[in-house]
Amino acid sequence: MKRILRRSTLVLIFTIAFIVGIGFFTVELVMGAKDWIAQPYNAHVSGSSGLEEAGKILDRNGNVLAETVDGERMYNGDEGVRRALLHTVGDNSLNISTAVQSKYRSLLTNYSLIWGLNMPQSMRTSRDITLTVDAPTCKTAYEALETTGCKGACVIYNYKTGEVICSVSNPSYDPQNPPEITEENQSEYDGVYLDNVLSSAFTPGSIFKIVTAAAALENNAPLLSQPSICYCNGTETFGSSDVHCYGWMPHGSVDLRRAMSESCNIAFAHLALDVGPEKMQSMADKIGINSSFNVDDTPTAKGHYKAPETDDNVLAWTGIGQGFDEYEDKVNPMQMAVICGAIANRGSAMNPTYIKSGTGGILEMMGIKHNESHNLINSDTAQKVDDVMPSYTLGGVNAHAKTGTAEIDVSNNINNAWFVGYSTEADCPLAFACVVARTNGIGDNTARPIVDAAMAQAAKAVRGY
Ligand SMILES: [Zn+2]
């Protein structure tokens, strides 16, 4: 009897251990399936990255960006489109971790818990993913960016719906014929796997004056109640050293509107000191410069703003979008597009997305929420910033925008050229940010033409004519 009892107890213990083990394994498999399949070491599961049965990736109009034909992954027929959308679509190597083909491989290949990759054809549901991007707009933007020969990015998104219309990053390559990156050519491909729209941050220069203007307007900076902020001689001493306007150009008597349109550094140096380090910091934090946010499920690169407590010269330079060393300003292109969209949208920032809604529950499967917005700045402040933003016509679209030329290496005339802003036309609610890094050009002659070309196409994509 005693022996039977002991034996039953043993059987019971083994049974419990077995059930717990199975349970643990199942939970691991269910919870971790997405990660497990996405591991690079699992590429061998089905050969070339598991893409030979993957679904299509389409642009907003159904143009095929990637599809599998006879087991081979084929990209768009136009090399320009392929290069433009490399960072958004991805390639066979899966080296660009933020690209759709890398992030959503299990979905594209219809990876199933029960069938693995061998789900019978009859049971397969839609495995295609439709993106919000417009292939012709991306091609136009990329070709303009590529001619600069510089690292850079251009993004255009709909600030009412969040749909990203254009997203390009340089350097790039053709995913249909990927280059062999060697020691000789590696400088040409430096940072090629990074999507500069989402994953890089650059010194902003004068586009940061949007943030300084918002800080001054929201806090009723005393200088703004005067007829002019200052008289600009092209250079002036702040703290221990000088601040100069671009090219030491004197602007004379400037109010906020002229300070923005002429991009007068002296005026913004005065404003940054007038607002003070605490409130400059608080606006930069509130508007999201020091934060990362998720685009679909990719976290953006954080920017950087740190106001020095005691150094007036450095505080002045941070208010102009430069700063030095630990006080050097940095911004991310997507972040700037969202800030501009929020100004156009009376303070409300719509989260960007690359995945088109209404494509068979795919958003839910990816855990992506659309149409999420949050208040980035007071609507009153947004209105006041909008009032002083310079006007442009870009690709036939009326817009408000700001140029930026961050002086990276003054003696060698190396700058980051920027152009950011938003359309002011109700049927074309587009915000944009473009950066060309380490160029000899300036914002107005290097970044603006890229946006100009891309906006003409983007407006067509959004309006449908
Ligand atoms: Zn000036």
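**Notes on the predicted model**

1. Now α10 itself, which spans residues 265-275. The helix is largely enclosed by the rest of the structure, because 9 of its 11 residues are buried. The buried ones are N265, I266, A267, F268, A269, H270, L271, A272 and V275.

2. Stepping back to the whole chain: I see 16 helices and 18 strands. Of its 465 residues, 48% come out as buried. Among contacts with a separation of 6 or more, 70% are between residues 24 or more positions apart.

3. On to the core. The largest nonpolar core takes in 131 residues. Those with the most contacts inside this core are A141, C154, V155, C166, L430 and F432. As a general point, nonpolar side chains tend to be buried together in soluble globular proteins.

4. Setting aside neighbours within four places in sequence, A141 contacts A84, C154, C166, V168, I450, A453 and A454. C154 and C166 also sit with A141 on the list of residues with the most contacts inside the core.

5. Last, A417, found in strand β17 (residues 414-423). A417 counts as buried because 28 C-beta neighbours fall inside 10 Å, and the cut-off for that is 20 or more. Beyond residues up to four places away in sequence, A417 touches T405, V436, T439, G441, I442, G443, T446 and A447. Take T439 from that set: A417 and T439 are 22 residues apart in sequence, with their C-alpha atoms 7.0 Å apart in space.

Notes. Residues are numbered from 1 along each chain as its sequence is written. This is a predicted model: local features need pLDDT of at least 70, side-chain atom pairs count only at pLDDT 80 or more; totals for chains, interfaces and linings use all residues. Helices (H or I, at least four residues) and strands (E, at least two) are DSSP runs, numbered from the N terminus. A residue is buried if 20 or more other C-beta atoms lie within 10 Å of its own, exposed if 12 or fewer, and partly exposed in between; C-beta atoms are placed from the backbone. Two residues are in contact if their C-beta atoms, placed from the backbone, lie within 7 Å. A nonpolar core is a set of buried Ala, Val, Leu, Ile, Met, Phe, Trp, Tyr and Cys residues joined through C-beta atoms within 7 Å.
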